[in-house]
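Subject: A structure for you, with notes

Hello,

Here is the structure I promised. Please open it first, then read the notes below it.

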Amino acid sequence: MYSKLKALAKQILPKPFLEKNEFFLRKVISLKYRGTQHQCNICSIKLKRFVDLDGKDLLCPNCGSRSRTRRLYKQLTKHNVLNGNVLHFSPPKILYKQFKQLKMNYYSSDYENEFTADYNFNITSIPKNENFFNTIICYHILEHIENDKEAMSELYRVLQPGGTCFIQTPFTDGETKEDPSITSPKDRKKHFGQEDHVRIYALPELISRLRAAGFKTEIKSYTNDMYNGMNTETIILAKKINL
Ligand SMILES: [Zn+2]
């Protein structure tokens, strides 16, 4: 139902109108989903169910958040890290909207201009002094970056001692797959899971690269949370220890 309505809206409404009124249109659609069995922890709406995206993800019909976005939000608020200078790469629209309203210096960045953001920092050369950011959110970014080691060093450089960088990427079992000679979108999708991915990490390899960049790492693995519509997933907390 949700996908059909979304497709219909895309067909009959102009894109600028859709973008401007996205949150209002979502509110209308979400009336069909209202209930008491579930709740979105970002927009607080109570639902009879989340929108099931072909068994791969659970979408909040009201704010458009995905499973991983809701869990990220929960962790960020739980760890009380949304203060000072916060750098967020390619933010989901609902978090961009929420975080802009908080009392912190929020630096949203998207290099390819695909996401709503205020800056377009190059992650391998972030134009800020060392130790500038209290918190960095780097979700589903590193698998797009050819020189990921440089990106990790740069994240480490701009993070302040005591700060945390929240990291997530897709993972594969076995070895990390990367091959600079694979450059076509079709081949990248085949080997790395998406047209614009340049690798898929094995978790131990990503941890080892982050440690090589100086980070102390903590792996957080979560099981399903049915009430808030959160799937099983793994997050890495990469910390710069006090020097
Ligand atoms: Zn929501």
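Start with the open sheet: six strands in the order β6-β5-β7-β8-β12-β11, with mixed pairing. Strands (E, at least two residues) and helices (H or I, at least four) are DSSP runs, numbered from the N terminus. Two strands pair if DSSP finds at least two bridges between them. The edge strands are β6 (105-109) and β11 (216-222), and each pairs on one side only. From one strand to the next, the twist averages 15°. Axes here are lines fitted to C-alpha atoms, for helices over the stretch in contact; angles run from 0 to 180 degrees between N-to-C directions.

Two notes on the source. This is a predicted model: local features need pLDDT of at least 70, side-chain atom pairs count only at pLDDT 80 or more, and totals for chains, interfaces and linings use all residues. Residues are numbered from 1 along each chain as its sequence is written.

Now the pairs. β11 and β12 (residues 233-239) run antiparallel, joined by seven bridges. Lys216 has Lys239 in β12 as its bridge partner. β5 (residues 85-89) pairs with β7 in the parallel sense, over three bridges. Ile137 has Phe166 in β8 as its bridge partner.

How enclosed is β7? Five of its seven residues are buried, so β7 is largely enclosed by the rest of the structure. Buried means 20 or more other C-beta atoms within 10 Å of a residue's own; exposed means 12 or fewer, and partly exposed lies in between, with C-beta atoms placed from the backbone.

β7, α6 and β8 make a right-handed β-α-β unit. Right-handed means that, with the strands pointing away from the viewer, the path from the first strand over the helix to the second runs clockwise.

Next, find Ile145. Ile145 sits in the loop between β7 (133-139) and α6 (148-158). Ile145 counts as partly exposed because it has 19 C-beta neighbours inside 10 Å. Leaving aside neighbours within four places in sequence, Ile145 is in contact with Ile123, Thr124 and Ala151. Contact means C-beta atoms, placed from the backbone, within 7 Å. Ile145 and Thr124 are 21 residues apart in sequence, yet 8.6 Å apart in space, C-alpha to C-alpha.

Last, the whole chain. The protein chain has eight helices and twelve strands. Of its 243 residues, 31% count as buried.

Best wishes

Key
Contact = placed C-beta atoms within 7 Å.
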